[in-house]
Amino acid sequence: MNCRRITKADTMNPHAYRHIGLLAIVLAWLLPADAAFAVSDAAIVAKRPPKLLSQFGFFDDMKAHKPAAAVIPFRLNTPLFSDHAHKMRFVYVPDGNQAVYNQNEAFEFPAGSALIKTFAFPGGASGPDAKLRLIETRLLLKSERGWQAWAYLWNDEQTDAVLKVTGARVEIESNKPDGSFLDFTYRVPNKNQCKGCHSLAGEVVPIGPKARNLNGDYPYASGTRNQLSVWVDAGILARAPRPDSAPKAPDWEDEAADLEERARVWLDVNCAHCHRRQGPASNSGLFLTYGEEDPVALGIGKRPVAAGRGSGGRLFDIAPGDPDGSILLYRVESTEAGVMMPELGRTQPDPDAVELLRSWISNLR
């Protein structure tokens, strides 16, 4: 791989396409002029990942979280709730390769690809100028053997992160988006827990990068653009339609959007990685994917396969018009181990999501 610095001047060179490739040229326009193309492809496909996050070369500036030239930031229209954490997401596809578009599932990425997600919390302050404390960075790395999931814990100096195969616990003192105080023990997952959410038909797979959740704008250094268009123009996504012909999920917090659509996308992102026909919770018969059309499979008027304390004494997964009689809402409201859903990835309540689901169920007939 060529790792020399790339500038916008390179794009005016007629020989540039031959020397550094279309991907690097497009990214030179999308990202800051002083970015460097220096990702280690060898580290991504290695059987054992490096000890330090910096050894991948994903960031030109670790502390500022400034991505390398070939690493593209992205966000999801509706993200997974993770104890009020801020998340920064990035994708890397090796030069000369492309992910393949899929209308409903996560894109098919080539070997050598990486999905990078950093979790952070405001350092005890609130407001738009609050400084974020980086806690962990989770990686999904694709090799010929398939996807591997790894977690890296950031040091106190915020200069690097260390591989944590067995997970870790971090004390958080911060603020929620509404300004209220947040004080709890954050859990960095171990490798097996990563598999618990990222499992489909027995294989580790990505969850977030799906067309419906990427079909939205992102404020790139060069200006705000649709993410699907940027991925196509950068040469890392093949066979994608124009954004206006691709599915698009709403932002679940957008009160101007349809109530049912907002509730369904929240369930899809937060629950359907397990509650789907090929997922780990398929034996429940409760399928919460965004495109599920069978109301009973969605839980409406459905009795649980196995009752227990997780049902809270309620008879139906979703009782139309009766949120307080619905097991789904009871489990989303709970923070009790063995009852709360999702069972991994959170310890804190999400009152805004509870309010959304309560309104949706109240309006079901």
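# Reading strands, salt bridges and a core

Colleague: Glu136 is buried, with a relative accessible area of 0%. What does "buried" mean?

Modeller: Buried means under 20% relative accessible area, exposed means over 50%, and partly exposed lies in between (1.4 Å probe, protein chains only). Arg138, at 22%, is partly exposed. Before we go on, note that this is a predicted model: local features need pLDDT of at least 70, side-chain atom pairs count only at pLDDT 80 or more, and totals for chains, interfaces and linings use all residues. Residues are numbered from 1 along each chain as its sequence is written, and side-chain values use heavy atoms, with hydrogens and water left out.

Colleague: What joins the side chains of Glu136 and Arg138?

Modeller: A salt bridge is a side-chain nitrogen of Lys or Arg within 4 Å of a carboxyl oxygen of Asp or Glu. Glu136 and Arg138 form one, at 2.9 Å from N to O.

Colleague: How many salt bridges are there by this rule?

Modeller: The count is 11. Take Glu336 and Arg309: their closest N and O atoms are 2.5 Å apart. Glu336 sits in the loop between α7 (327-333) and α8 (351-362), and Arg309 in the loop between α6 (259-271) and α7, so the pair ties together parts 27 residues apart in sequence. Glu336 is partly exposed, at 41%.

Colleague: Which residue forms a salt bridge with Asp324?

Modeller: Arg358 does, with the closest N and O atoms 3.1 Å apart. This pair links distant parts of the chain: Asp324 is in the loop between α6 and α7, Arg358 is in helix α8, and 34 residues separate them. Asp324 is partly exposed, at 46%. Arg358 is partly exposed too, at 26%. Look for Glu333 as well: Asp324, Glu333 and Arg358 are linked in a network of salt bridges.

Colleague: Now the sheet. What is the order of its strands?

Modeller: First, the general idea. Strands of a sheet pair through backbone hydrogen bonds, either parallel or antiparallel. Helices (H or I, at least four residues) and strands (E, at least two) are DSSP runs, numbered from the N terminus. Two strands pair if DSSP finds at least two bridges between them. Here an open sheet of 6 strands has the order β3-β4-β6-β7-β8-β9, with antiparallel pairing. Its edge strands are β3 (71-74) and β9 (161-163), and each pairs on one side only. The twist averages 25° from one strand to the next. Axes are lines fitted to C-alpha atoms, for helices over the stretch in contact, and angles run from 0 to 180 degrees between N-to-C directions.

Colleague: How many bridges join β7 to β8?

Modeller: There are 8, between β7 (residues 132-143) and β8 (residues 146-154), and the two run antiparallel.

Colleague: Which residues touch the most other members of the largest nonpolar core?

Modeller: A nonpolar core is a set of buried Ala, Val, Leu, Ile, Met, Phe, Trp, Tyr and Cys residues joined through side-chain atoms within 4.5 Å. The largest has 26 residues, and Val91, Phe107, Phe109 and Trp231 touch the most other members. At least two residues each come from β3, β8, α4 (211-214), β14 (217-220) and α5 (227-233). Helix α5 gives the most, with 3 residues. Phe107 touches residues including Tyr101, Pro209, Leu214, Leu228, Trp231 and Leu237, not counting residues up to four places away in sequence. Contact here means heavy atoms within 4.5 Å.

Colleague: Last one. How many disulfides are there?

Modeller: A disulfide is a pair of cysteine sulfur atoms within 2.5 Å. This structure holds 0. Cys194 is buried, at 10%, and Cys274 is buried, at 18%.
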